[in-house]
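Hi everyone, thanks for coming. Let me put the model up, and then we can walk through it together.

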Amino acid sequence: MRQKFYWQDKPEGCNEAVWRYEANPILKMNHSPKIARLFNSATLVTDDKIVGIFRGDMPDCTPALFYGESKDGINWDIDDSGIKIFEKDGTPFIYEYAYDPRLTKIDDDYYIIFCADVVGPSLYIVRTKDFKYYEKLANGFLPYNRNGVLFPRKFDDKYLFLSRPSDTGHTPCGDIYISESRDLEYWGNHKLLMTAPYKKSYWQRLKIGAGPIPIETDDCWILIYHGVNSTCNGLVYSMGVALLDKDDPSKVLARGRRYLMTPETDYECMGFVPNVVFPCSALCDDEGHITIYYGSADTTLSIAFTTVNELKKFARENND
């Protein structure tokens with residue numbers, strides 16, 4: 001399927017594996033009276049449109065989740081009433097805030113993975129069929145855990161999930177783990193997948209976290225992720241890529257020692273949290289075109305472009 005989403009050819013003279021949209025950011029501040037900032041959001045192509053689950057920080061700075069639709073992936077109609085989530089018994093799921101969603105589809109169900117604070121930040125999985133009623137599954141993870149990503153298909157009748165266990169703050173526990181489950185509620189066989197720091201790769205020396213839903217290709221899975229460096233002027237979030245085994249994603253085939261993208265533009269370097277490039281979703285078509293959605297400086301939502309071949313080449317050539 002050729003892309004139903006916006007994508008730009010690589011600019012002449014560009015030597016990078018990823019290139020930014022020339023009209024970034026696509027969602028700016030004060031989108032509506034109820035939403036002050038939209039960033040770190042997830043998108044997915046359906047049969048007739050592109051849907052999104054957005055992190056929106058309200059005017060009191062509380063983060064919440066919002067649903068939106070688009071025909072091209074750039075111009076969005078976002079419902080600013082917010083998503084209401086229910087427990088299995090129909091009672092409301094009560095939480096202080098929710099943020100940094102990911103979105104995937106398995107069979108006929110859509111799954112939203114996000115972090116919320118109930119008794120400390122932890123990961124939650126919500127299921128929906130129509131983006132109208134949202135049912136929270138049983139709590140599968142203990143606090144503290146962030147950056148949850150669900151693979152878009154099963155492996156030997158098991159779901160696979162990436163996460164980043166942490167502590168209560170900016171943590172020295174900054175590694176990505178992979179877990180498995182038969183029912184999306186009881187998770188086990190946790191394995192360390194990728195660590196920070198990595199091979200004197202300073203852009204990802206403090207912590208790392210899975211980004212978009214992994215992209216399946218003919219010979220591997222592409223994992224786009226973020227890495228964090230601690231500098232004398234604060235934290236810097238950059239984007240990287242790794243390749244995972246197609247049949248057993250707990251095996252890392254290649255991992256780029258260089259970053260794919262780091263904060264360089266004004267909208268990435270200046271904002272509520274300066275120097276942040278935070279990927280949360282990536283749309284990919286059958287011809288290998290990829291559009292990456294990323295939060296810029298915790299203030300706006302931006303996109304960048306690449307291809308399956310570009311990312312594979314980058315990961316393998318920088319796997320030293």
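Let's start with the largest cavity, whose lining is made up of Leu123, Tyr124, Ile125, Leu137, Ala138, Asn139, Gly140, Phe141, Leu184 and Trp187. Please keep in mind that this is a predicted model, where local features need pLDDT of at least 70, side-chain atom pairs count only at pLDDT 80 or more, and totals for chains, interfaces and linings use all residues. Residues are numbered from 1 along each chain as its sequence is written, and side-chain values use heavy atoms, leaving out hydrogens and water.

A cavity here is a set of points, on a 1 Å grid over the protein atoms alone, where a 1.4 Å probe fits but cannot get out, and lining residues have an atom within 4 Å of a point. The volume, meaning the space filled by probe spheres set on points joined across faces, edges and corners, is about 50 Å³ for the largest cavity. Its lining has 8 nonpolar residues, 2 polar and no charged ones, with Ala, Val, Leu, Ile, Met, Phe, Trp, Tyr, Cys and Pro counted as nonpolar, Asp, Glu, Lys and Arg as charged, and the others, Gly among them, as polar.

Now for the largest pocket, a pocket being an open set with protein on both sides within 12 Å along at least five of seven lines. The largest pocket holds about 760 Å³ of space. It is lined by 30 residues, and Leu44, Pro152, Ile215, Ala282 and Cys284 are the closest to its centre. By class, that lining has 16 nonpolar, 6 polar and 8 charged residues.
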